[in-house]
Amino acid sequence: LAATVMSEQESLKSSSARNRGGVQRVEGKLRASVERGDYYEAHQMYRTLFFRYMSQSKHAEARELMYNGALLFFSYNQQNSAADLSMLVLETLEKSGANVDDETLEHLAKLFSLMDPNSPERVAFVSRAIKWSSGGSGKLGHPKLHQLLALTLWKEQNYSESRYHFLHSSDGEGCAQMLVEYSSARGFHGEVDMFVAQAVLQFLCLKNKTSALVVFTTYTQKHPSIEKGHPFVQPLLNFLWFLLLAVDGGKLTVFTVLCEQYQPSLKRDPMYNEYLDRIGQLFFGVPPKQSSSYGGLLGNLLNSLMGSGEEEEGEEAQEDSSPIELD
């Protein structure tokens, strides 16, 4: 029996090696075709091979071939062909039931980073990639993928969409550093506190206390216009500092007094009290308001978060609406 098992394992190894060798030979021919400038012909060959591999349930081979092909087309600035093969990479993941792992997420983020930022294909790609990365456990996508997308968008100085993806990652520190740059590049001097206030309140609405604290601490330490340490010159920052302490304590009276005392600062953005209504429900046992415009459902909040991030890049922070648009 042991000999039979060993024999089967050797057979599988040699079969895998043959497949790999076959893929390498095919890739060599396709690369030569692209290097000659026969882009259309090479693209069609990739698609033919994709369907052949998929029909034989060779999902891993199909994925590897499409991924390398997409990188090759990107290197020759053949955006349409590269985007098409990128979508086929996603198709192999969807149809094979592949596990979500760091390497695959990094591959998807790499393809995203090479796509034309203004192309409709990029929007379609990221939507499908996030859905696949959820693994059926939720609609919001894998935090690691969101982090990688946020970093790419930050490099492109697409701060509003970067912020949206940071919200769904667990990278409060990266979010804070991006917000420091965003505030310095696009915001008015008097708005430095508003950039971090929005992020802290939104993280809390998503029940992510840890990232809320990290984004606040890192931002206030690293922003050149903020004097270090509590108490701060800006009342809104003091409010956030007390709020983060109160969230840990969970005492409703503390939360209520805090919101009343800082109303002048909280009126600077009409969304702040909406967020605080939700935070009151999540952390302090406040019942949902019957007249609430958003019905008090976290699901609505999260769904609206998913449809965000389409603000105009050039808007100043005061006019830049929050990624959480409550219905």
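## Getting started

Helices here are DSSP runs of H or I with at least four residues, and strands are E runs of at least two, all numbered from the N terminus. Residue numbers start from 1 along each chain as its sequence is written. You're looking at a predicted model, where local features need pLDDT of at least 70, side-chain atom pairs count only at pLDDT 80 or more, and totals for chains, interfaces and linings use all residues, while side-chain values use heavy atoms, with hydrogens and water left out.

Let's begin with F239, which sits in helix α12 (residues 235-249). Its relative accessibility is 0%, so F239 counts as buried; buried means under 20% relative accessible area, exposed means over 50%, and partly exposed is in between (1.4 Å probe, protein chains only). Setting aside residues up to four places away in sequence, F239 touches L258, C259, Y262, L266 and L276, where contact means heavy atoms within 4.5 Å. The C-alpha atoms of F239 and A197 are 9.3 Å apart, though 42 residues separate them along the chain.

## Aromatic pairs

Now for the rings. A pair is described by the distance of the centres and the angle of the planes. Rings of Phe, Tyr and Trp (its six-membered ring) pair if their centres lie within 6.5 Å; planes under 30 degrees apart are stacked, over 60 edge-to-face, and the rest tilted. The structure holds 10 aromatic pairs. One of them joins W154 and F166 edge-to-face, at 6.2 Å centre to centre with 70° between the planes. This pair links distant parts of the chain, with W154 in helix α7 and F166 in helix α8, 12 residues apart. W154 is buried at a relative accessible area of 17%, and F166 is buried at 0%.

F239 turns up again here: with Y262 it makes a tilted pair, 5.6 Å centre to centre and 55° between the planes. F239 lies in helix α12 and Y262 in the loop between α13 and α14 (263-266), so this pair ties together parts 23 residues apart in sequence. Y262 is buried too, at 17% relative accessibility. Elsewhere, ring pairs link Y159, Y182 and F195 into a cluster.

## T152 and its contacts

T152 belongs to helix α7 (residues 143-155) and is buried, with a relative accessible area of 12%. Apart from neighbours within four places in sequence, T152 is in contact with A109, F112, S113 and R122. Two of those contacts, R122 and F112, also go together: R122 lies over the face of F112, at 3.8 Å from the ring centre. For that, NZ of Lys or CZ of Arg must be within 6 Å of the ring centre and within 35 degrees of the ring normal.

## Helix α2, side by side

Which residues of α2 are buried? They are A42, H43, Y46, L49, F50, Y53 and M54. They cover an arc of only 130° around the axis, so they sit on the same side of α2; the arc is that of the directions from the helix axis to the C-beta atoms. On the other side of α2, Y40 and S55 are exposed. Just after α2, S57 takes a positive phi of about 60°.
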